[in-house]
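Trainee: I'm new to this one. Could you pick a single part and take a close look at it with me?

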Amino acid sequence: MSSETIALSTVGPDARPIGERLHDWIVTVDHKKLGILYILYALFFLVVAGIEAIIMRIQLIVPHNHFVSPQIFNRMMTMHGTTMIFFMVMPILFGFGTYLIPLMIGARDMAFPRLNAFSFWMTAFGGLLLYFSFIGGNGLYGAGTAPDVGWWAYAPLTARAFSPGHSTDFWTLALLASGVGSIGAGVNFIATILCMRCPGMTLGKMPLLAWLNLVVGGMVIFCISPLTAAQIMLCIDRYLGGHFFDTQAGGSAVLWMHFFWIFGHPEVYILVVPAFAFVSEIVPVFSRKPIFGYPIMVAATIAIGFISFSVWAHHMFTVGMSSYGNSFFVFTTVAIAVPTGIKIFNWLGTMWGGKIQLRVPMLFCIGFLFQFLIAGLTGIMLGTAPFNWQLSGSYFVVAHFHYVIVGGIVFALFGAFYYWYPKMSGRMYNETLGKWHFWLFIIGFHLTFDFMHIPGILGMPRRIYTYEPGRGWEIWNLIVTIGAFFQAAGILVFVVNLLWSLRKGEPAGNDPWDAWTLEWSTSSPPPDYDFAVTPVVRSRRPLWDLKHPEDPDWKYE
Amino acid sequence: MVIELPCHAPEGRKGGADGDSRLPRNIGQREMHRSAQTRALLGRVAGVAVLLAAGLLAASLCLASPSDPTQIPNIFKPQSTPAHSIFHLSMLILAITGAIFAVVFSLLAYSVAKFRKRANDDDREPAQVYGSNQIELAWTVIPILIVLVLFLATARVIRSIQDAPQPPGAIEVTAIGHQFWWEFRYPALGVVTANELHVPVSNPANSKPTFLTLLSADTDHSFWVPRLAGKTDLIPNHPNHTWIDPQEAGLYIGQCAQYCGTQHAKMLLRVYVDSPEQFKQWVEEQKKPAVSTDAVAEGRRIFETTACVNCHAVAGTVANGRFGPDLTHLMSRDTIASGAASNSEENLRAWIQSPDSFKPGSLMPAMQLTDHDLDALTAYLVTLR
């Protein structure tokens, strides 16, 4: 990195009329604007799918409740799952990746800025299609509007015999469209990270966030493709007389499961590896130490990337595979715990001996570590086939994967929000509100998802719109629903904080965290061109070298 | 504007801080003051939230209705060999994962407590440690060993449950999943029934397991009676198998565990484990054709001349439909509508009049009968014992 400070012209407040500024955002190919668009779009869907979750939780608060009809409940369940996975978590992670990768590798934009814009708008179009089903899904009188086949859309429930009308088609097309967008984003991540690094930044000197997103890019390409292919096959079944999944005509329901889960399990890692990336950036800065075992962290991530493609059928232990098939998938599934465990240990190693500052981003990362540990352990329980025969398809699984996605990924995401908010907005968030958000959310999370394991153990299946009294499930469902409201309150505080701080927050300065990666060397928010002069780096922590010229990292790496 | 990097005091060598004199960071004082304040606030926030949560928890505990423990389909109260094997394996797994949790959680809690920045911190950067190959090796090898143990223990149980040979005296049942009810056929015994599976009790001295072939007539379903065995899916075009050998007579509750459509929630399942004598008697009763008296001839006529017969069968009559449950011995069952209601004359009448009021989205149509016809039909049905 260049050691002189560089004077840049100050950009004044944008005085252009609002129409022109909005137009700017629509036609932009700038990675920062697209990143923010992804994030705002995903936040919108977080609120929408969160409301769907609350509707389900109100319905389940007592047995035989009549808050919503089974049809509406099944739509809420399908839309909640589909939205949260495809239109909330994925876009928000792509958004952070798109925003941060060029800044962290010292580039001025992504490798393919137009593809970047195309990817975002395809994803956005997918979300629009999915929600348009509420208006346009009623292809046949009484056929129902939004999709209600569950987010797995298992065959043959999606066949026209069982899903008349167009609701399933909207689901299929939405995933097809957003899948194209995701593949575009994956290609762009890989090309950017491999080709656009600043001078001196060898692969071994990239920030971990870049490394982890490189792995994600590869996984996206390999796992979204089968899903996209399966959606096309389903369309052929529904409209062109195909019989891939049409069991009435000799098709295979199990084939769909394989297609879905060869996508579905790597997808879990596509979601969680970027969360690992955030934690790997935030924990060192707030522990004031470099990441422990950088090469091992990279190797573990690559191992996770590969192994994640060999575990898919652990979602199918109950479909009647042979005992050898089941044993194989047990082995791969418990094996993936090894590199994942190594990552947890390395984060602990990073904190060990540091000076841990319990600011909001770090609080969320500690929450992540605690919850991801538990999620991993319940994952081992589910990964051992016989235990899985009892637990799969029950509320235990629902609790487990929400532990991964909310307790793990969403906590890391909130950490990332608070950590990079000053960079994106130029202003500090409000620390007090941030802590309120953290405590409300973590209490709500544990009320909801800790107690949700229990009805699963007591035999309560997932995806039921109501349940019988007298099975010992009432109390747990009541607590779970109460927790959901705490979480909603936490999210409300979060949104208020984001909006309030945007206008009233203290100016952040370039480097409010005294951090070490390149994005903190430019202004907040960064100028259009990111860096006036292309930085040159010599180590993994270029800003450390700059701040400690007498004791730079490159002497030791 | 100018990029200004906060300037740092000289640092110690990596791997161990020595005692150089260091300049305080310019924002150090403010930070310290602020962090004490936020910590106090944090304490208050946490206190209020914990109190609220505890209050709610206590309130909900008081509101909870008592449940009959035998009616709770608890996977940790196994009563059949496959469920037992799973239970023992799960105890091993819980012990291992519990130990891992205890170790890692302690490390996390200790790190946060021990290494958090103190209010009187000197604002020096801590020793910069990059990693350690020995430690990495240790926390790679130990998990690999644990994984091997887990895998071997699991593979053994998979084999013992999945590849158990069917003994000669086993009862054979074909279970067929329908939207949204269960059909049970005993091909060797000539019995057909619905939603309530009867099997004989089995004990080590006189083993009488039940082997089920699982089929589906429409979408995917899953057969799950937690106290007897783990779940196995019923998939069209993909026959599956499972087995149970309940050790104690009684009623075991389960339900469909694979989302199968609108009324997945009310596709309930009851397994009655009978003593050998009871089971024998039950089979004898079920094998008989339906008997009906002249007193209900009107109801029978209505049944046989309306759409009822398209879906339902009554042995010994013209009714031989297979879309709906076999009604030959309807009144021998405790529930109707796949467990959605108890089987009383009153419920039966209401169900025929409006299935949607019990199970919205159920595939049985409302028959639009007059009150007179409805009464007659109900009177006929309650004679099907």
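Mentor: Two residues are in contact if their C-beta atoms, placed from the backbone, lie within 7 Å. Where pLDDT is low, the predicted coordinates should not be read in detail. This is a predicted model, in which local features need pLDDT of at least 70 and side-chain atom pairs count only at pLDDT 80 or more, while totals for chains, interfaces and linings use all residues. Residues are numbered from 1 along each chain as its sequence is written, and chains are lettered from A and ligands numbered from 1 in the order in which they are written. The model as a whole scores ipTM 0.92 and pTM 0.90.

Now for the part I'd pick: the side of chain B that touches chain A. The contact takes 105 residues from chain B and 108 residues from chain A. Elements giving two or more residues to chain B's side include α1 (28-63), α2 (81-115) and β6 (221-225) of chain B. Helices (H or I, at least four residues) and strands (E, at least two) are DSSP runs, numbered from the N terminus. The top contributor on this side is α3(B), with 16 residues. Sort chain B's side by class and you get 58 nonpolar, 31 polar and 16 charged residues. Here Ala, Val, Leu, Ile, Met, Phe, Trp, Tyr, Cys and Pro count as nonpolar, Asp, Glu, Lys and Arg as charged, and the others, Gly among them, as polar.

α11 (residues 360-383) of chain A has 24 residues and reaches 33 Å from its first C-alpha to its last, close to the 34 Å expected (1.5 Å times one less than its number of residues). Of those 24 residues, 23 are buried, so α11(A) is largely enclosed by the rest of the structure. Buried means 20 or more other C-beta atoms within 10 Å of a residue's own; 12 or fewer is exposed, in between is partly exposed, and C-beta atoms are placed from the backbone. α5(A) is largely enclosed too, because 22 of its 29 residues are buried. Helix α5 (residues 167-195) of chain A reaches 42 Å from first C-alpha to last, close to the 42 Å expected.
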